[in-house]
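Visitor: I would like to learn how to read the helices and their packing in a model such as this one. Could you take me through a few features, with the general idea before each case?

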Amino acid sequence: FFFFFLMIRRPPRSTHCISSAASDVYKRQVHGQGKEQRECYTKALDIYVKLKINNVSTAKTYAKLGQLESTREKQYENYKKAIEIYSQIKVEDINTADAYSNMGSLSADENVRYKNYKKAVKMYSKLKERTLASANTYHTLAILERNRGNEEEARVLGKTAYEIYKEIVGTDHASTKRIALEFKY
């Protein structure tokens, strides 16, 4: 006797509702660079928006589009939308912290830049996140704090950035050396 098993295609486990499976299909089709990637993520996002799905996948898609867009304004708007969704669904994870950091780097307004970097550092610290992205964010916020006359806060943030750089890329790396010179470590 031979038994044939039919495999039924199910949405990925990360998909919380069957209707968002279509957007996941678009995202899995990403093979190219630049324009092709942007088109696939835009199609996926269109489905999320049409179905009024505001979840982590939607926020991550906005953030990914933020990386792929060609203008700073579009990048900023996509990160802003991602943060709105993360805030709405009360998610504070590495993706949220990265979105705040990226939004900070794109902002032309010094106060908005400062607030976004502060939020990112607060999340990185809470999550005990030690990545190059978090080190760069600590470093940038240290410089902003120094520019605001908050020398002690700048030294603490700079020291954290230095420790992360040292841990990840070593003492001979340009980033580690630069911050050691800037903050005299």
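Guide: A helix here is a DSSP run (H or I, at least four residues; strands are E, at least two), numbered from the N terminus, and its expected span is 1.5 Å times one less than its number of residues. Helix 5 (residues 94–106) has 13 residues and should therefore span 18 Å, which agrees with the 18 Å between its end C-alpha atoms. This is a predicted model, in which local features need pLDDT of at least 70 and side-chain atom pairs count only at pLDDT 80 or more, while totals for chains, interfaces and linings use all residues. Residues are numbered from 1 along each chain as its sequence is written, and side-chain values use heavy atoms, with hydrogens and water left out.

Visitor: Which residues of helix 5 are buried, and which helices do they pack against?

Guide: Buried means under 20% relative accessible area, exposed over 50%, and partly exposed in between (1.4 Å probe, protein chains only). The buried residues of helix 5 include Ala99, Tyr100, Met103 and Leu106, and the buried residues of this helix pack against helix 4 (72–88), helix 6 (110–127) and helix 7 (132–147).

Visitor: How do helix 4 and helix 5 cross?

Guide: Axes are lines fitted to C-alpha atoms, for helices over the stretch in contact, with angles from 0 to 180 degrees between N-to-C directions. The axes of helix 4 and helix 5 come within 9 Å and cross at roughly 145°. Contact means heavy atoms within 4.5 Å, and among the residues that make this one are Tyr76, Tyr79 and Ile83 of helix 4 and Ala99, Met103 and Leu106 of helix 5. Tyrosine 79 also touches Ala63, Gly66 and Gln67, among others, not counting residues up to four places away in sequence.

Visitor: Is threonine 137 buried or exposed, and what does its side chain reach?

Guide: Threonine 137, found in helix 7, is buried, because its relative accessible area is 1%. A polar contact is a pair of N or O atoms within 3.5 Å; within protein, one must be able to donate a hydrogen and the other to accept it, and residues adjacent in sequence count only if both atoms are side-chain atoms. The side chain of threonine 137 reaches the backbone oxygen of alanine 133 at 2.8 Å.

Visitor: What does the side chain of arginine 146 contact?

Guide: Arginine 146, which also lies in helix 7, is partly exposed at 30% relative accessible area, and its side chain makes a polar contact with the side chain of glutamate 151 (3.5 Å).
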